[in-house]
Amino acid sequence: MLSDWLTRHRPVVWFAAVFFGPAVAALLTLAGPQLHENHVTLLLVLAVAVVSAAGLRPAGLVAAATTALAYDYFWTEPYYSFRIFDTQDILTVLLLVLVGGAIEQLSWWAGRQHAVAARRLDYLNALRRAAEPIAPETHAATLEAISDTMILDADSCDLVLNDRLPATVLHGDGSVTRAGQIMDVDTAGLPTDDVIAIPVPSADDRVAYFAVTAATHVARPRAEQRQVAALLAHLAAQSLNGAGA
């Protein structure tokens with residue numbers, strides 16, 4: 001995924017943000033009079049777009065700024081100087097920054113939309129998997145697989161049977177309570193000092209729940225994620241009840 005690539009290649013993106021636009025501007029000077037300044041501007045905008053496509057938001061803004069400075073240095077009079085006097089040249093430099101910044105924003109927005117779509121596809125796959133009929137001989141293994149699909153950005157999630165329900169509970173509407181008091185998960189995150197229980201309804205009233213642990217970092221799953229996790233637990237309850245019949 002894009003986020004994984006960025007994690008591994010972040011220095012490469014930053015290097016390109018600083019040097020790619022200026023390198024293109026310098027190489028274009030080799031063409032000399034054959035290139036019109038308008039063509040140069042379009043090619044430099046393309047260079048910014050290439051860096052912005054990585055989806056690393058600050059890097060796109062840096063690329064827009066360094067490319068505009070390179071245009072000023074190589075393509076405005078006096079050449080090879082950051083001084084600039086012509087009003088049209090000043091306007092072109094400013095437009096390079098603005099257009100480059102706009103491209104970066106659009107690339108970042110597109111990356112976010114792609115990530116949201118991919119995450120929702122993961123939700124649907126998890127729900128479909130949880131809703132599939134479970135054979136008795138594969139009951140335990142499948143429930144363990146279902147627990148692995150909990151999308152709360154937590155450390156672990158295990159099925160617990162016939163044990164006391166913890167004080168912290170995640171409910172079907174996505175809310176989280178501790179001893180009956182609603183917690184602000186969006187701001188404070190999931191508690192790191194307690195197990196979060198997602199109750200699994202049982203036909204014979206035995207206690208069953210998914211025990212979610214988020215002790216090593218502060219996880220802030222959105223309400224949508226918490227609701228999907230609760231729905232997964234209810235779907236798992238169908239297989240749990242069927243196996244116990």
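Modeller: Helices here are DSSP runs of H or I with at least four residues, numbered from the N terminus. Asp 89 sits in helix 4, residues 87-131. Keep in mind that this is a predicted model.

Colleague: What does the whole protein chain look like in those terms?

Modeller: The protein chain has seven helices and six strands. Starting at the N terminus, the order is α-α-α-α-α-β-β-β-β-α-β-β-α. Of its 245 residues, 37% are buried.

Colleague: Back to Asp 89: how do you know that it has no salt bridge?

Modeller: A salt bridge needs a Lys or Arg side-chain nitrogen within 4 Å of a carboxyl oxygen of Asp or Glu. For Asp 89, the nearest side chain of opposite charge is Arg 83, and that is 12 Å away.

Colleague: Which residues is Asp 89 in contact with, leaving aside its neighbours within four places in sequence?

Modeller: Glu 37, Tyr 71, Thr 76, Glu 77 and Ile 84.

Colleague: Why is Leu 43 called partly exposed?

Modeller: Its relative accessible area is 35%. Buried means under 20% and exposed means over 50%, with partly exposed in between. Leu 43 therefore lands in the middle class.

Colleague: What makes a group of residues a nonpolar core?

Modeller: The members have to be buried nonpolar residues joined through side-chain atoms within 4.5 Å. The largest nonpolar core here has 17 residues, and Leu 152, Leu 170, Leu 190, Ile 198, Phe 210 and Val 212 have the most contacts inside it. Strand 5 (196-199), strand 6 (208-213) and helix 7 (223-244) are the elements giving two or more residues to this core. A second, separate core has 15 residues, including Val 24, Val 45, Ala 70 and Phe 74.

Colleague: Where do the contacts of Leu 152 lead?

Modeller: Beyond its neighbours within four places in sequence, Leu 152 is in contact with several residues, among them Leu 170, Leu 190, Ile 198, Val 212 and Ala 229.

Methods
Residues numbered from 1 in each chain as written. Predicted model: local features only at pLDDT ≥ 70, side-chain atom pairs only at ≥ 80, totals over all residues. Heavy atoms only, no water. Buried < 20%, exposed > 50% of the residue type's maximum accessible area, 1.4 Å probe, protein only. Lys, Arg positive; Asp, Glu negative; His and termini not counted. Contact = heavy atoms within 4.5 Å.
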